[in-house]
Amino acid sequence: MDLEPDFAFRGSRNYLHSTTVMNELLRLRDGAPGGFDFRFDRRTNRQVRFQDHAPLEGEVAVGTWRDAAGMVHIVERDAHIERAEPYDEDRLASSLGFNENTVELPAELPGYAPVEAIVAAFKALLRRGPAGPDAKVAFVRLACNASPGLPLRISYSRRLGDFCQGDIEAAGKPLGRIHFGEWR
């Protein structure tokens with residue numbers, strides 16, 4: 001794989017959103033039915049390339065994707081992202097059911113893909129509880145043992161230094177884990 005997708009910013013963000021990349025990789029990998037492990041290691045305002053080989057000297061790695069078909073390295077390109085698409089994460093979060101340490105994602109969230117809902121839900125859960133309302137948290141990793149669908153439940157499980165982990169369940173069975181980092 002050596003692809004150069006054309007991405008847009010989400011909402012008012014001035015950086016490439018993790019869900020933009022995940023949605024495209026899920027599309028390219030036919031939903032990754034056997035599961036995936038996606039890490040976003042670096043914020044970027046540039047377009048990226050999906051490549052099978054490790055970054056070469058001088059290339060800036062942004063993240064990695066692993067699934068049954070292999071590993072994809074996500075690498076910065078020289079081109080800046082020039083456009084934006086609407087995205088209302090607060091509206092999405094307001095349609096979710098929050099408890100003390102869990103968030104319930106309903107079967108229907110029109111206009112949002114499951115990975116968008118997962119990322120927004122865990123971020124909102126962290127701000128409502130363990131991290132606090134003023135915390136600056138950023139997506140780090142999502143690993144699922146199957147392609148995610150709705151409904152889901154995400155439970156805050158633990159803090160690992162500056163990282164928070166959430167456990168994802170579908171139909172009462174483990175589906176995966178999500179991690180966010182906190183900026184201090």
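Trainee: Where is the place of Thr64?
Mentor: This is a predicted model, in which local features need pLDDT of at least 70, side-chain atom pairs count only at pLDDT 80 or more, and totals for chains, interfaces and linings use all residues. Residues are numbered from 1 along each chain as its sequence is written, and side-chain values use heavy atoms, with hydrogens and water left out. Helices (H or I, at least four residues) and strands (E, at least two) are DSSP runs, numbered from the N terminus. With that in hand, residues 61-67 form the strand that holds Thr64, and that strand is S5.

Trainee: Is Thr64 buried or exposed?
Mentor: We go by relative accessible area: buried means under 20%, exposed over 50%, partly exposed in between, with a 1.4 Å probe and protein chains only. Thr64 has 12% relative accessibility, so the word for Thr64 is buried.

Trainee: Which residues does Thr64 touch, not counting those up to four places away in sequence?
Mentor: Contact here means heavy atoms within 4.5 Å. With residues up to four places away in sequence not counted, Thr64 touches Asp37, Phe38, Arg39, Met71, Val72, His73 and Ile74.

Trainee: How about Gln47: what is its relative accessibility?
Mentor: Gln47 lies in strand S4, residues 46-51. Pro5, Asp6, Phe7, Val75, Glu76, Arg77, Ala79, His80 and Ile81 touch it, not counting residues up to four places away in sequence. Gln47 counts as buried, because its relative accessibility is 3%.

Trainee: How far apart in space are Gln47 and Arg83?
Mentor: In sequence, 36 residues separate Gln47 and Arg83. In space, C-alpha to C-alpha, the distance between Gln47 and Arg83 is 11 Å.

Trainee: On to the helices. At what angle do the axes of H1 and H3 cross?
Mentor: Two packed helices are described by the angle between their axes and the distance between the axes. Axes are lines fitted to C-alpha atoms, for helices over the stretch in contact, and angles run from 0 to 180 degrees between N-to-C directions. For H1 (residues 18-28) and H3 (residues 114-128), the axes come within 9 Å, and the crossing angle is roughly 150°.

Trainee: And what does that make H1 and H3 to each other?
Mentor: Angles under 35 degrees count as roughly parallel, over 145 as roughly antiparallel, 65 to 115 as roughly perpendicular and the rest as oblique. H1 and H3 are therefore roughly antiparallel.

Trainee: Which residues of H1 and H3 make the contact?
Mentor: By class, it has four nonpolar, three polar and one charged residues. Ala, Val, Leu, Ile, Met, Phe, Trp, Tyr, Cys and Pro count as nonpolar, Asp, Glu, Lys and Arg as charged, and the others, Gly among them, as polar. From H1 the contact takes Ser18, Thr19, Met22, Asn23 and Leu26, and from H3 it takes Val115, Glu116 and Val119.

Trainee: How many of the 15 residues of H3 are buried?
Mentor: The buried residues of H3 include Val115, Ile118, Phe122 and Leu126. H3 is largely enclosed by the rest of the structure, because the buried count among its 15 residues is twelve.

Trainee: How many of the eleven residues of H1 are buried?
Mentor: Among the buried residues of H1 are Thr20, Val21 and Leu25. H1 is largely enclosed by the rest of the structure, because its buried count, out of eleven, is eight.

Trainee: What is the phi of Ala32 near?
Mentor: Most residues other than glycine have a negative phi, and most peptide bonds are trans. Ala32 is in the loop between H1 and strand S3 (36-40). Its phi is positive, in a residue other than glycine, and is near 45°.

Trainee: Which residues does a cis peptide bond join?
Mentor: Look in the loop between S10 and strand S11 (152-160), where Pro151 is found. Omega is about 5° in the cis peptide bond, and the residues joined are Leu150 and Pro151.

Trainee: Last one: which residues is Trp183 in contact with, leaving aside neighbours within four places in sequence?
Mentor: Trp183 is in strand S13 and counts as partly exposed, at 45% relative accessibility. Leaving aside neighbours within four places in sequence, the contacts of Trp183 are Arg43, Lys136 and Ala138.
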